[in-house]
Amino acid sequence: MKKISYLELSSIFLVILITFNSGINLFLIKNTSGIDSWLSIIIGYIIGLIFLLLTIYISNYHKELNLFEKNKHLFKDFIGTIINIIISIIFFIIAITLLYNISSFINTQFLYHTPILITMSLLIILSIYCATKEINIIAHISLLLMAINIIMFILCNISLIGNIKIDNLLPFLKTNYLNIIISSLKIACINTLPILIILIIPKEKITNQNKYQKSLIITYIIGTLISLIITLTTISILGIYLTNMYEYAEYMVLKKVKLFGFLERVENIISMKWITETYIYLTLIIYSLTKNIKKKNKNTDNCISIIIGIVLVITTNYVFKNITIFNNFIKNIFIYIIAILFIIYILITTKIIFTKKE
Amino acid sequence: MKSKTLLLIVIILLLTGCYDHKELNKIAILTATEINKNNDEFIINAEVVNPQSPDKTTYIQAPFIIYTGKGKTISEAYRQIKLSSSRYLYPDHLSILIINEKIAKEDITEIFDFYLRNPSVRTEFNVLIGKNEDILSLTTPIDKLSSSSILESIKTNNQYQGITNLVTLDDMSIMYLNPHKEIILPSIKIENDNKDSDNIKNTEDTKIDSTYKLSNLAVFKGNKLQGYLTDDESITYNLITNNVKNSIITYECDKNKYLTAEIITSSSKIKPKNNEINIDINISTVINESNCNIELNNAKTIKQLEKELSSYLKEKTEKNINNIRKKYNSDIFGFLDEIYKHDYKTYQKVKNNWYNQEFKNIKININSQINIIGKGNIMEGNNEKN
Amino acid sequence: MNYIINRLKKETNNNENIIIRKKSILFKKIYIIYNETITSSDSISNYIIRSLNNIYIPTYNHILDRISNFKYKELTTYEDISYYLNSGFTIILFNNNKYIALETRKNLSRGITTPTTENAPRGALDSFTENIENNIGLIKRRIKSNNLWIKNYQLGKYTKTSVSLLYINSIAKKEIIDTVDKLLNKINIDGIIATGTIRNLIEKENKNNFPNTMSAEKPYTAVKYLLQGNVVILADNDPFALIMPTNINDYFISEEDDFNKSINVTLTRIIRYLTFFITLLTPGVYIALTTYNQEIIPTELLISIAAQRENVPFSTFVEALLMMISFDILRESDLKIPSFASSAISIVGALILGEAAVSAGIVSPIMIIVIAITSVSSLTFVEPEFINALRLYRLLFMIGGALFGMHGILLVFIYMIIKLSSYDFLGVPYLTPFSPPITANLKDSIYKAPTRKIDRRNPQLSNNIIKNKTGGPYEE
């Protein structure tokens, strides 16, 4: 069995934590918490710490099993399967959301005339191709891509420092406290609940198991910082009014980037970060769904991945006819669907506690 | 097997690709646009680059072409241009947008939507108010394109004189969307417009008849143009909003004798406090020219001069601010914004009748500080023969 | 005895090169057989015939004892006889089914010369030759340890090439050696004339088109990798050693790096990695930028590129493809052509492909620059296979750029990363020092740590990790 180094694990974990920053996080909270959005990000991620700790706790139960096997082991076959199906459906919905989000972004920003179906299928084909490989290969890829992403992130934020106007973050704390809390709950839901899927990698597969906890926690802090920086720079550079007006405010900020003092208008290159993050997330989801459905026979494995990919593209196309439907879906339905994961967390932890007592 | 099916799908996708493909010699690079309005119809003058091959051909082509289109919306007008030109109009390199006075006087917001909504247009281009029509068709000698010529002259002017100001569409939309601020835009006009101005011949003489004249800042209130600032007021505006990089102060140090100090660095801060607004202006200057009998070697005289200059600046600034308040009643300095950000309590009090009452009457304290940090190459300031 | 001679004559169709000489010692007949094309008649007449003339007791043991040849083999079967006869031995046949093979090989290989494919401003100047024994000797000269173990094979049904597997027993991983051993034993082919054939037979050839075995002409390189735990395969008649398994970083390391200070080497490495990306991406990115993402190009430059492209009838992709193909044709012909004609090629290349194509309006001047930087960058790599591999991905990037602009480039990039990182050869993933990250090797990748601090081997290659115990700073 090929093992995964803890750095690669953290890179996958980081992807789960920050992918929703590409167009969804700020979209959800900017209208409710306004200038103090950055505060809701902090609070949201602090709330999310609970789920991180729960995840670490669950990971220690039967280290050799992955998430779905654990469920079956814990709840016996029938209930375990039901829980697994619920988890799969939720992650399928996350995949749909991500896929539509990124492909509509690509279509509105640089490939105006290309049909959205083609943009989607290209991403999904690559995802399937990667998902049919072993998890350690997904880990290799995610480490490489995330390393590039982080370098790019640091570079473009350094070049954005000159544009930051702290004044735009004032007045401080004049929005309704309740709104801030609601936004932070949304943030916690979207960004930290799906970290459950990291359990698809059994703890035993990590080369340095004693670093498992530490690396997850450090990555969590880095993820928080990245989300915070993205929100802060967006609001402080564009100002709250422009932020509220633009569909992809985080992307509009990148238009101001001037790399090394002369490379202007490179937002299309920098926003590749969004695509790679979403890509890794999608791959991970397709891989785990395949793992859930899979029988022992290896050949059918690839078929399952391909079928999942095709179903993904078709449903995305069918469900989201245009961006307004998508936006309404995210605002009104998506969060509640993800919140179901919270119940699953509690179910699994309580069950583990009880089985341990027995 | 798996890889072969994937390959097949990829090939099928590849065959259907190329939707957004546009070759460089199939596009017309749009660099500037001028918008005018006539009887509810937008009239658009678009400056399109006419790329000239680098090998030395003997006959001279105009470096750019102006296309004109009409339409009920801006995009319709652009479409019409696409019909009349042989190439696809590529708007990503748009660097200048000139809005005619007429539109500005009616309602400037009409032009916002198209440029902000369209993802293929970048929002970093500069917006100006055009005082005449057909500004773009003027040819200028040094910069081949009128758009780059205008852009460079605004930049230079902003840097060395501080009268105009660079306002991008983003800035303008921020100013418009912010309920506590008003729009201010630079303006431009053509001087001595003659017959040859839109001909390449305009560049052949050494003394050029028609040129651009960067005019003063245009003041808006709401979505309507109110008027233009004077040169002095423009400098004051730029000083207060920290837009001056390098400008000069000319001060009458003796009767009919003047002294010029060059501003090296300047910083100003608006600090609202208890129903009052304090403006701190800090300037470092170098004496550029001095025609008076002042001993610049003496530390005392320098200090005296600094004091005089400071109070002169203070007076001037106060006068200009009050003038602007009286004339336009438009909060271009963003005083309310500052109050909103730094003094929320006062904001609650004043926000309801800001323009009715508070803006005109709010007390403004100016605290200017000028430091002379250099005096040039000459030791003595006076002529010894007299 | 007669049976053997008859069979030999029959099998070789009475080949006149095989000399069968009858000699009698005290009424006992012995036969001396050799192939005159590969034996040195000097040594036969000097040592064998002269010794035999002094021998009077015609027994097997006595002759074996008295013969003055140093290297001999005692043979029993016909197959052995034919093999040794074909490899330059002289065979003495006795009546009692006992045979001796005496080494009388003619020296058919050239002497040790300077390397022709690996140029380095510093370092040893000897290179491998066609003679496998010399080659092993060159390596052995550098590793004077009993731990340099050698396994020998005879591969090829007809060629019977001797192939040697070299490794340092205390460093190399047992699993790797066992796998290579198994793979080599599995080879069953008509002939092996080049090490490349061995390589293609033991790996999945087209799974990854980047090379994962390095061919080294210099004993220096072979020894360097042996000390890291890699395995070296030498084949007779091929002056190139095969080093396996390698990862991508090994192709960025050059011999001269060992002679320079690490900070200077780091700068050179950055240039090398930069050239890797330049040569991969430049044409693709150029196509993407000029046909999709024109906003990235500064306005002035865009106008000048547009002006240059004004009269070119082809699309940018076709233009780039034309130039790429013509460069590859140039390179191909330059490799094949004898050196006295190469100046003609360079004139044709420079004039026709450069000047004339531009003034004829077939390509734009900027395209010449793009292709020039691409091709010059690709030549910084020593391994020809690596350059060829880059060419495939460059083409893919061009297609990606032509179809979806920068987005397409990104997709191809992801594809390339998947492809490279999913491949592992003998347990070493191809993108090794970067992903999975291995600190020991990262110290000698883009950044080169001071030699004192590179103290560990790659754990994927060796279980014996520590290689440098110098430690600590230098103190008087």
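## Basis of the description

The model is predicted, so that local features need pLDDT of at least 70 and side-chain atom pairs count only at pLDDT 80 or more, while totals for chains, interfaces and linings use all residues. Residues are numbered from 1 along each chain as its sequence is written, and chains are lettered from A and ligands numbered from 1 in the order in which they are written.

## Chain A: fold and packing

Chain A contains 13 helices and 0 strands, where helices (H or I, at least four residues) and strands (E, at least two) are DSSP runs numbered from the N terminus. With a radius of gyration of 20 Å, close to the 21 Å that the globule rule gives for 358 residues, chain A is as compact as a globular protein of that length; the radius is taken over C-alpha atoms, and the rule is 2.2 Å times the number of residues to the power 0.38. Along the principal axes, the C-alpha atoms of chain A fill a box of roughly 60 × 45 × 40 Å.

Of the 358 residues of chain A, 53% count as buried, a class that requires 20 or more other C-beta atoms within 10 Å of the residue's own, whereas 12 or fewer make a residue exposed and values in between make it partly exposed, with C-beta atoms placed from the backbone. Among the contacts in chain A between residues at least 6 apart in sequence, 83% join residues at least 24 apart, a contact being a pair of residues whose C-beta atoms, placed from the backbone, lie within 7 Å.

## A loop residue of chain A

A:Phe172 is placed in the loop between helix 6 and helix 7 (177-192) of chain A. Because A:Phe172 has 11 C-beta neighbours inside 10 Å, this residue counts as exposed. From C-alpha to C-alpha, A:Phe172 and A:Leu39 are 9.9 Å apart in space, although 133 residues apart in sequence.

## Chain B: confidence and domains

Chain B has 11 helices and 13 strands, and 37% of its 386 residues count as buried. Among contacts in chain B between residues at least 6 apart in sequence, 69% join residues at least 24 apart. The mean pLDDT of chain B is 81, with 87% of its residues reaching 70 or more; pLDDT is the predictor's confidence in each residue, from 0 to 100.

Chain B is divided into domain 1 (25-228) and domain 2 (239-386), with bounds that come from an automatic or database domain assignment. The centres of these two domains of chain B, taken over C-alpha atoms, are separated by 33 Å. In the contact between them, 16 residues of domain 1 of chain B meet 15 residues of domain 2 of chain B. On the domain 1 side, helix 5 (146-160), strand 8 (211-221) and strand 9 (224-228) of chain B each supply at least two residues. That side of domain 1 of chain B has 4 nonpolar, 9 polar and 3 charged residues, where Ala, Val, Leu, Ile, Met, Phe, Trp, Tyr, Cys and Pro count as nonpolar, Asp, Glu, Lys and Arg as charged, and the others, Gly among them, as polar.

## Contacts made by chain C

Chain C is divided into domain 1 (2-103), domain 2 (132-246) and domain 3 (257-425); the C-alpha centres of domain 1 and domain 2 of chain C lie 33 Å apart. The contact between chain A and chain C takes 25 residues from chain A and 21 residues from chain C. On the side of chain A, helix 6 of chain A gives the most, with 6 residues, and the residues of this side divide into 18 nonpolar, 4 polar and 3 charged.

Chain C also touches chain B, with 21 residues of chain C in contact with 21 residues of chain B. The largest share of the chain C side, 8 residues, comes from helix 10 of chain C, and this side divides into 9 nonpolar, 9 polar and 3 charged residues.

## Nonpolar cores

The largest nonpolar core has 250 residues, of which A:Leu99, A:Ile197, A:Ile285, B:Ile29 and B:Leu185 touch the most other members; such a core is a set of buried Ala, Val, Leu, Ile, Met, Phe, Trp, Tyr and Cys residues joined through C-beta atoms within 7 Å. Helix 14 of chain C gives the most to this core, with 19 residues. Apart from this core lies another, of 39 residues, among them C:Leu148, C:Ala172, C:Val232 and C:Ile243.

Definitions and conventions: Two residues are in contact if their C-beta atoms, placed from the backbone, lie within 7 Å.
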